[in-house]
Amino acid sequence: MTLADINQEKLATDADEIRAKYQELKAKNLNLNLTRGKPSAEQLSLSDELLALPGRGEYVAADGTDVRNYGNAKGIGDIRAIWADLLGLPVELVVAGDSSSLNIMFDLVSWAYIFGTNDSERPWAEEEHVKWICPVPGYDRHFTISEHFSFEMLTVPMTSDGPDMDAVRELARDPEVKGMWTVPVFSNPSGVTISEEVARELAQMDTGADDFRIVWDNAYAVHTLTDEFPPVHNVIRMAEEAGHPNRFWFMSSTSKITFAGSGVAFFASSPENLSWYLRHAGARGIGPNKVNQLAHARYFGDADGVRALMQKHAASLAPKFEAVEEILHERLDEYGVAEWTEPEGGYFVSLDVVDGTAARVVELAKNAGIALTGAGSSFPLREDPNNRNIRLAPSLPPVEELREAMHGVATCVLLAAAEKLTA
């Protein structure tokens, strides 16, 4: 968004009124938070039954495993079978771990860095230079991992059906490019779902590095806001058919399905990649929390049980996203000072404001008692070259608090644009 895009006459006419509304906003002494996509207390309470599972005397998995004891690095078959069905993957290609898929992603990158992957000539630490493709706007915790290892992060824009493949193909030819982040369903923060065509292109494209890896972080695979669940593409099979069987590291978890801090994470990949992973995981520990895995398996019952629970989440979340869209349209449409996504799932709304004003919007909101994710957070090193993108997270506050916060955000967007116009 540039000044040329906005209704400058309307903004100039209403500038004094906008400033007055901002002073009224500050006088309210608010304490509202839209920074992170946390489930609300209402959502977390949907799974309270899980706290009593698997129950006294209930500690034997379907295969006879005593889940109280050590062992079974792949996780119990009960929960792996449910998640394999949910994701449309063969159960033998799915590993169940502990609560955080981010931990598994960090492990994968760490072990590639220290030891090299099963396709590497040498550990990535011994490479002269390691580069990583980062679709933007994207997930800040992904970028934090690649930043932690001092990888050079190469940005590509997101389109309506996934990352810009012309840009991805060009970058992937470089043998120093070792990987790429993706959130394929209801991506963070734009809500874009990668199309089957783009998924196949990613599976089929030639790369300069034999050990090139795509982290396929399906964190929101079933996190719909509607009555429909999007298809989950079996990129592992696509890659195998294309002659690149080890390309994808496929992630998922129950983090925003049951309890965000104590769920089950999943890693799926080729047999060779899993063998490599389990060899290192076996040195790191003696198996995951199988009691928690059995509890989740008993709670869900099957894949349809997961989907039924997610419809309850949708009933809680959808009115919040509707409120965000309603208020942004009501307050900003006539000025033309912003654009935003209207996702059908996931946890975020991606808001683009007038170029050069995102950091000012966040500052104005903070001074009025509304915490927003920092400007640039959806870009590597937190550097948005246009200073335009803000990630909104509507999930945590009650609807009435959210509505008040969004009216405040809209006032801040208008004030920042008015300041820019008169600068």
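Author: The buried residues of H13 pack against helix H2 (15-27), strand S11 (349-353), strand S12 (370-372), strand S13 (389-392) and H14, where helices (H or I, at least four residues) and strands (E, at least two) are DSSP runs numbered from the N terminus. This is a predicted model, in which local features need pLDDT of at least 70 and side-chain atom pairs count only at pLDDT 80 or more, while totals for chains, interfaces and linings use all residues. Residues are numbered from 1 along each chain as its sequence is written, and side-chain values use heavy atoms, with hydrogens and water left out.

Reader: Which are the buried residues of H13?

Author: In helix H13 (residues 358-367) they are Ala358, Val361, Val362, Leu364 and Ala365, with buried meaning under 20% relative accessible area, exposed over 50% and partly exposed in between (1.4 Å probe, protein chains only).

Reader: And where do they fall, seen down the axis of H13?

Author: They fall within an arc of 165°, so they line one face of the helix; the arc is that of the directions from the helix axis to the C-beta atoms. H13 is followed by Gly369, which has a positive phi, near 85°.

Reader: What does Leu372 touch?

Author: Not counting residues up to four places away in sequence, Leu372 touches Leu34, Thr35, Val361, Val362, Ala365, Ile390, Leu392 and Val409, a contact being heavy atoms within 4.5 Å.

Reader: Which residues touch the most other members of the largest nonpolar core?

Author: Leu202, Val337, Leu351 and Leu372 do, out of the 137 residues in that core. A nonpolar core is a set of buried Ala, Val, Leu, Ile, Met, Phe, Trp, Tyr and Cys residues joined through side-chain atoms within 4.5 Å. Helix H14 (residues 399-422) supplies the largest share of this core, 12 residues.

Reader: Changing topic, is Ser146 buried or exposed?

Author: Ser146 has 0% relative accessibility and therefore counts as buried. Ser146 lies in helix H6 (residues 140-148), and, leaving aside neighbours within four places in sequence, Ser146 is in contact with Trp132, Cys134, Phe151, Met153 and Trp181.

Reader: Last one: what about the coiled-coil region, where does UniProt place it?

Author: The unreviewed UniProt entry places that feature at residues 8-35; UniProt positions are in the numbering used here, feature names are shortened, and annotations may be inferred rather than shown by experiment. Over residues 8-35 the model's chain is 68% helix and 11% strand, with the end C-alpha atoms 30 Å apart.
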